Amino acid sequence: MILILKNGCPESVMTELTDRMQELGYIVNPIIGVEKTILAGIGGQEHDKVDAIEQLRAHEWIDDVLVITRPFKLVARDYRPESTVIDLGDGVTVGGNDICMMAGPCTVETEDQLMTIAAEVARSGAKVLRGGAYKPSTSPYSFQGLGIEALKMLRHAAQTYGLKVITEVMDPRKVELVSEYADILQVGTRNMQNYDLLREVGLGSRAVMLKRGMSAKIEEWLLAAEYVAAGGNERIILCERGVRTFETATRNTLDLASVPLVKSLSHLPVVIDPSQGTGRRDLVAALSKGAIAVGADGLLIEVHPNPDHALKDGAQSMTIQQYRDLIPALKRIASAVDRGLPLN
Ligand code: PEP
Ligand code: MN
């Protein structure tokens, strides 16, 4: 940590600030220049000092505080240089050399709908079946999901076609129930900072996919992941699904730059959701290709046999044929960036 002091800072205040930094675990070197005086602190980790740093920032004689180490620890690349590979069993991994394809409807509607999609996406190389059982809805009057019935259908479809299951959990009280049916617990964009939920999924052993909050900075997203890891569960997959900007031509602005950036800051795998990311099915293929090119470890894609009649997110759901057609191109891009995309 570096404290840049205001001009004319009295010596008594410098002593007081030096003492405070030492109290926080730093070895302090004062650098007294012609124009500026700096207190350089070394040896301290900043991840547990967020409040103290904010207090220093507000000090009347401090011009600026520069933080050198990161406020997160367990999820940081500095802490674990090797990339984390999440093993879902039966040879399915996220974060290894192979791109992990996750596909399915936005929301589980009927047994028929789910079985049709599961069969098709499995044939095209998907390893994980997605489908909402508990849906976060902006309006309390729109469809909220089929709940436990949907969880059962997901498990059954996945078992039939050799897939793993990812589904969203919104309520800390439902984590245990959803964990019985799901291989990956999805924490949605609206819940990225639901700390009770993060703590709860952090206590379990089910893999967690943490979506980026729609207005979350990268650091906030990684700190949310840190909550899960701090609870003991380090099986975390990050998912970029677009953020809110001034642009309204797409549902969200898909931040593909976050992939290489987050992968440099963290050892966790990163997946892209181009469906929520664009809100438009005609853009999903292009963004999927881009995602693999920039280093994403997987894709989470909405697919529906009849998107125009889907209960949720039809506009951004690919048809089965569109999904099928996309795979060979993704495979070529994967191989160009030295990744695999095995077909079943
Ligand atoms: C979804 O995956 O259908 C979903 C609701 O995602 P998000 O939380 O990113 O909006
Ligand atoms: Mn959706």
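Which residue takes a positive phi in the hairpin of β5 and β6? Aspartate 90 does, with a phi near 55°. Let's walk through the rest of this predicted model.

## Ground rules

The model is predicted, with local features needing pLDDT of at least 70 and side-chain atom pairs counting only at pLDDT 80 or more, while totals for chains, interfaces and linings use all residues. Residues are numbered from 1 along each chain as its sequence is written, chains are lettered from A and ligands numbered from 1 in the order in which they are written, and side-chain values use heavy atoms, with hydrogens and water left out.

## The hairpin

Two residues sit between the strands, and isoleucine 86 stands opposite valine 94 in β6. Strands here are DSSP runs of E with at least two residues, helices are runs of H or I with at least four, and both are numbered from the N terminus. Two strands pair if DSSP finds at least two bridges between them.

Four strands form an open sheet in the order β2-β3-β1-β4, with antiparallel pairing. Strands β2 (27-32) and β4 (62-66) each have a single partner strand, so they stand at the edges and one side of each is left without a neighbour in the sheet. On average, neighbouring strands of this sheet are turned by 15° against each other, direction ignored. Between β2 and strand β3 (residues 37-42), which run antiparallel, there are six bridges. Isoleucine 32 stands opposite threonine 37 in β3.

Two helices meet these strands. Helix α1 (residues 11-23) lies across β1 (2-5), β2, β3 and β4, and runs at about 15° to β3. Helix α2 (residues 50-57) packs on the sheet too, touching β1 and β4, and its direction makes about 155° with that of β4. Contact means heavy atoms within 4.5 Å; axes are lines fitted to C-alpha atoms, for helices over the stretch in contact, and angles run from 0 to 180 degrees between N-to-C directions.

## The largest pocket

Where does the largest pocket lie? Domain 1 (2-66) and domain 2 (86-336) both give residues to its lining, so the pocket lies between them; the domain bounds come from an automatic or database domain assignment. The volume of the largest pocket is about 320 Å³. Of its 17 lining residues, Val50, Val67, Arg70, Pro71 and Glu219 lie nearest the centre. Helices α2 and α7 (218-230) are the elements that give two or more residues to this lining, and α2 has the largest share, with four.

A pocket is an open set of points on a 1 Å grid over the protein atoms alone, with protein on both sides within 12 Å along at least five of seven lines; a cavity is a set where a 1.4 Å probe fits but cannot get out, and lining residues have an atom within 4 Å of a point. Grid points are joined across faces, edges and corners, and a volume is the space filled by probe spheres set on the points.
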